[in-house]
Amino acid sequence: FKLFSLSQVDPVEFCSEIRNEFLFKVGSAEGFGPWLDEKEASMKDKEGRPKSYDEALEFEQKSCLFLKEIVKGNKVLKKVQEAAEGIRGNVQVQEEFSKLSERYYVLCKKADARVKNVQGLLREWKALDEILAPTKPEEMDDLQVKFFLTFLRTYAGSFA
């Protein structure tokens with residue numbers, strides 16, 4: 001254990017570290033952390049599966065808006081990161097930031113995948129509507145059945 005006198009402490013550096021620790025704790029515990037929890041919970045919400053092409057279009061719009069909102073969260077993450085980097089030698093802070101960062105990037109990937117999945121679903125839905133439009137179910141040929149199965153797989157995969 002090494003003792004320091006006040007003359008050995010740089011007051012600007014000391015204050016900077018206290019400020020960064022405060023910013024990190026507030027940013028992670030009261031700002032970014034709860035925001036991330038809320039977005040992760042809404043990502044898990046399986047309600048609102050589209051039952052028609054028009055509902056799927058709405059779902060796509062909502063998914064795109066959600067993805068934009070997630071991407072905007074990166075600004076807040078950067079501020080928390082700056083505060084974490086300003087705290088030297090605190091392994092606990094670095095680990096906590098690493099976990100927040102990892103959760104955020106997983107959420108980004110999931111939100112992006114949701115948009116891509118629903119866009120694929122829309123393509124399949126449109127193709128299915130075009131192929132089945134003039135046909136009654138009892139008059140379907142093998143190709144139409146294959147398109148229908150592809151659509152069902154895409155639909156199920158979009159909401160797995």
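Predicted model: local features only at pLDDT ≥ 70, side-chain atom pairs only at ≥ 80, totals over all residues.

Me: What makes Cys-64 partly exposed?

Reply: Its relative accessible area is 27%. Partly exposed covers the values between the 20% limit for buried and the 50% limit for exposed, so Cys-64 belongs in that class.

Me: And Cys-108, is that buried or exposed?

Reply: Cys-108 has a relative accessibility of 15%. Buried means under 20%, so Cys-108 is buried.

Me: Thanks! On to the rings: why is the pair of Tyr-104 and Tyr-105 called edge-to-face?

Reply: A search of the whole structure gives four aromatic pairs. In the pair of Tyr-104 and Tyr-105, the ring centres are 5.1 Å apart and the planes stand at 75°.

Me: Which residues do the ring pairs link into a cluster?

Reply: The cluster consists of Phe-32, Trp-35, Tyr-104 and Tyr-105.

Me: How do you know that Arg-114 lies over the face of Phe-66?

Reply: Arg-114 is at 5.7 Å from the ring centre of Phe-66. The distance limit for a charge over a ring is 6 Å, together with an angle within 35 degrees of the ring normal. Arg-114 is listed as lying over the face.

Me: Which residues touch the most other members of the largest nonpolar core?

Reply: They are Phe-24, Phe-32, Leu-36, Ile-70, Phe-97 and Tyr-104, in a core of 20 residues. Helices α1 (11–44), α2 (53–85) and α3 (91–132) each supply at least two residues of this core, and the largest share, eight residues, comes from α3. Apart from this core lies another, of six residues, including Ala-56 and Leu-121.

Me: What is Leu-36 in contact with, leaving aside neighbours within four places in sequence?

Reply: Leu-36 is in contact with Leu-100, Arg-103, Tyr-104 and Leu-107.

Me: Last one: which helix has the lowest mean pLDDT?

Reply: Helix α4 (residues 142–158) has the lowest among the elements, 73, while α2 has the highest, 91. The chain averages 82.

Conventions:
Residues numbered from 1 in each chain as written. Heavy atoms only, no water. Phe/Tyr/Trp six-rings, centres within 6.5 Å; stacked < 30°, edge-to-face > 60°. Core = buried A, V, L, I, M, F, W, Y, C linked by side-chain atoms within 4.5 Å. Buried < 20%, exposed > 50% of the residue type's maximum accessible area, 1.4 Å probe, protein only. Helix = DSSP H or I, 4+ residues; strand = E, 2+ residues; numbered from the N terminus. Contact = heavy atoms within 4.5 Å. pLDDT = per-residue confidence, 0-100.
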